[in-house]
Amino acid sequence: MAVNCDPLIYSVVRQEHMAHNDFFLRYLEFDGEEVPQTLTFTCVAQGRECRRVEYGPEEIASRLAYSREELPRYRDSSLGRILGLARRPEKAFLHEHFSFFASGTVERLLIRAEFGGRAEEAEIRIVPYESPNHYRFPLEGTVLVTDTYPCINSHRWCRNSEFAFDAGAFDETLARATIGGRPVLAACGGVVEEAFDGLNDTDDGTDLAEIERRHGEHARIDGNHVLLRHPHGELSLYAHLAKGSVRVRAGEAVRTGQELGLVGSSGSSWAPHLHFHVMRDGIGGPGVPVRFQNLTTVLGEPCALEDGVNLVRAE
């Protein structure tokens, strides 16, 4: 029996009198036929325990049952993007979110699974991520930013888009999007890794399966998109762009603030909006958080997109 998991998880730490730690354990896999009787997570900051979570047999069984239903939904081609694995776990404990205040920054997550009279242990490095690059928000003006990292949503479930967000704008009814056609700007200078164009905005008649058959899974999900490579191994993704609007091509160097395309609703999109996220080490690499230097609330205060829904202004 062994306990398998990611060896490293990136966290977000905010100083609010105390340290607010936020990180997400995507999976914990158990080899063999046995099921743990108890499962304990211990968070360690500055060499001492700062938080402990323990589950008994009933909750473990319930979570494993959830995983048995959830894991078959992941496509084989998406396992790397979602879990960072090349194979599908047979038995796993999924989606444990740690979000709490402590006197220090969490550095390690210790895991102990007890099987009757013996125990298996694992340790994960928790690394507060601070990007060495300087980013500016990829849109100008006032926008509504939703599905950010504090929420457990379809973005955070996926390893590469853990710190993604969706940015949109709507009329006073919130029923009509008003952001379509707005310029999308490079958030940081770099080189175009990938540029894709040619899809219409998605509607009730769009055959996403046909899009995937012809252009691949990436196009089905992100529609018309641009992927930029930045220094220090980071990449940024700009998704759901309008047909015919992509202004750059693969291999082209771009500067911060350069127009990449226009907001649209292509690919797996429900309304015109921009999906944006940053990751490391390729399209399937782990997502990382970044801060935008030019982003404020409508009251003019700095905004780090730390709420599930954010009304912000980029200047």
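Trainee: In this predicted model, how do you know whether F165 and F292 are buried or exposed?

Mentor: Both F165 and F292 are buried, which means that each has under 20% relative accessible area.

Trainee: What makes F165 and F292 an aromatic pair, and why is the pair called edge-to-face?

Mentor: The ring centres of F165 and F292 lie 5.9 Å apart, which is within the 6.5 Å cut-off, so the two rings count as a pair. Their planes stand at 80 degrees, which is over 60, and the pair is therefore edge-to-face. F165 belongs to strand β10, whereas F292 lies in the loop between β18 (287-288) and β19 (295-297), so that the pair links parts of the chain 127 residues apart.

Trainee: Why is the set of residues that includes F137, L139, V226 and F292 called a nonpolar core?

Mentor: The set is called a nonpolar core because its members are buried residues of the listed nonpolar types, joined through side-chain atoms within 4.5 Å. It has 37 residues, and F137, L139, V226, Y238, F292 and L305 touch the most other members. Among the elements that give two or more residues to this core are β9 (141-146), β10 (165-168) and β17 (274-280), and β17 supplies the largest share, three residues. A second, separate core of 26 residues includes F30, F98, V106 and A113.

Notes
Residues are numbered from 1 along each chain as its sequence is written. This is a predicted model: local features need pLDDT of at least 70, side-chain atom pairs count only at pLDDT 80 or more; totals for chains, interfaces and linings use all residues. Side-chain values use heavy atoms; hydrogens and water are left out. Buried means under 20% relative accessible area, exposed over 50%, partly exposed in between (1.4 Å probe, protein chains only). Helices (H or I, at least four residues) and strands (E, at least two) are DSSP runs, numbered from the N terminus. Rings of Phe, Tyr and Trp (its six-membered ring) pair if their centres lie within 6.5 Å; planes under 30 degrees apart count as stacked, over 60 as edge-to-face and the rest as tilted.
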